[in-house]
Amino acid sequence: MNDIDTLVIIPTYNEKENINKIATAVVDASPHVHILFVDDNSPDGTGDMADALTRRSDRIHVLHRTSKDGLGRAYIAGFRWALERDYKFVMEMDCDFSHDPAAIPSFRDKILAGHDLVIGSRYCGGIRVLNWPMSRLLLSRGAAVYVHLITGMPVSDPTGGFKCFRREVLESYDFDQVKANGYGFQIEMTHKAWMKGFRIGEVPIVFEDRQEGTSKMSGNIIYEALWVVWTLAIRNGFRRKPKGKK
Ligand SMILES: Nc1nc2c(ncn2[C@@H]2O[C@H](COP(=O)(O)OP(=O)(O)O)[C@@H](O)[C@H]2O)c(=O)[nH]1
Ligand SMILES: [Mg+2]
């Protein structure tokens, strides 16, 4: 695989305005990455566009799924695909430019400096969110406070979806036991890694609302995140630190 050691997984559902631009931007951002698009049979033809991209670049791959099944399920399919191959690091990233591809190298650098999971944070040392409605900012900030109060997890942006896993973290999960599928999925994956004692780091990111296409966020996703936090806390007996730590 030469210099390639990182897979950037990008789930897509109706992203025809963004997919070509994001592919170019990610490939240009780092010589170390491949992309895997995980498309849930988007009605707008995003899956066909992803196929066309794979023919143009051997650094771009696509996984097609039959129907819209949520972000978490798409990522798990991508994680399994990554683990069948030799990637050392696996990233999560949205297709809509809310996550700036130029930040990709900072995640890999932070992992190489001795972390197992690196989370892009909008909220460490200030708030860096552009063009989001105030309601969504409050929801996201509220979720961060809620997660911290209930679990004690020392992560400033637990619902964020721009992150990088060391392969060993993904190998440690039992994907059949993952319950949540939306923002709760991000909280659940990070909480599990933290409980197992993996080293978690944060890099500051600027988050900008999408300019093209539409959000797939729904009320159900919010309810799911609310209960999943309690499930995680209860399942771990309200333990507020990783195993083996005093
Ligand atoms: N494959 C797949 N991708 C999804 C699904 N839901 C959302 N996405 C993708 O996940 C990313 C984040 O979704 P988005 O709608 O921007 O959520 P928001 O940023 O929270 O409003 C985008 O790249 C979407 O195309 C899904 O059910 N399946
Ligand atoms: Mg978005």
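Me: How much space lies in the second largest pocket?
Reply: This is a predicted model, in which local features need pLDDT of at least 70 and side-chain atom pairs 80 or more, while totals for chains, interfaces and linings use all residues. Residues count from 1 along each chain as written, chains are lettered from A and ligands numbered from 1 in written order, and side-chain values use heavy atoms, without hydrogens and water. A pocket here is an open set of points on a 1 Å grid over the protein atoms alone, where a 1.4 Å probe fits, with protein on both sides within 12 Å along at least five of seven lines. Taking volume as the space filled by probe spheres on points joined across faces, edges and corners, the second largest pocket holds about 170 Å³.

Me: Which element gives the most residues to the lining of that second largest pocket?
Reply: Lining residues have an atom within 4 Å of a point, and here they include Gln177, His191, Lys192, Met195 and Arg239. Helices are DSSP runs of H or I with at least four residues, strands are E runs of at least two, and both are numbered from the N terminus. H7 and H8 each give two or more residues to this lining. With three residues, the element that gives the most is H7.

Me: How many residues of H7 are buried?
Reply: Buried means under 20% relative accessible area with a 1.4 Å probe, protein chains only. Phe185, Ile187 and Trp194 are among the buried residues of H7, and so are Glu188, His191 and Lys192. Out of 13 residues in H7, the buried ones number twelve.

Me: How many charged residues are in the lining of the largest pocket?
Reply: The largest pocket has a volume of about 1,000 Å³ and is lined by 49 residues, with Leu71, Arg136, Tyr183, Met217 and Ile221 nearest its centre. With Asp, Glu, Lys and Arg as charged, Ala, Val, Leu, Ile, Met, Phe, Trp, Tyr, Cys and Pro as nonpolar, and the others, Gly among them, as polar, the lining has 22 nonpolar and 14 polar residues. The charged ones number 13.

Note on methods: Buried means under 20% relative accessible area, exposed over 50%, partly exposed in between (1.4 Å probe, protein chains only).
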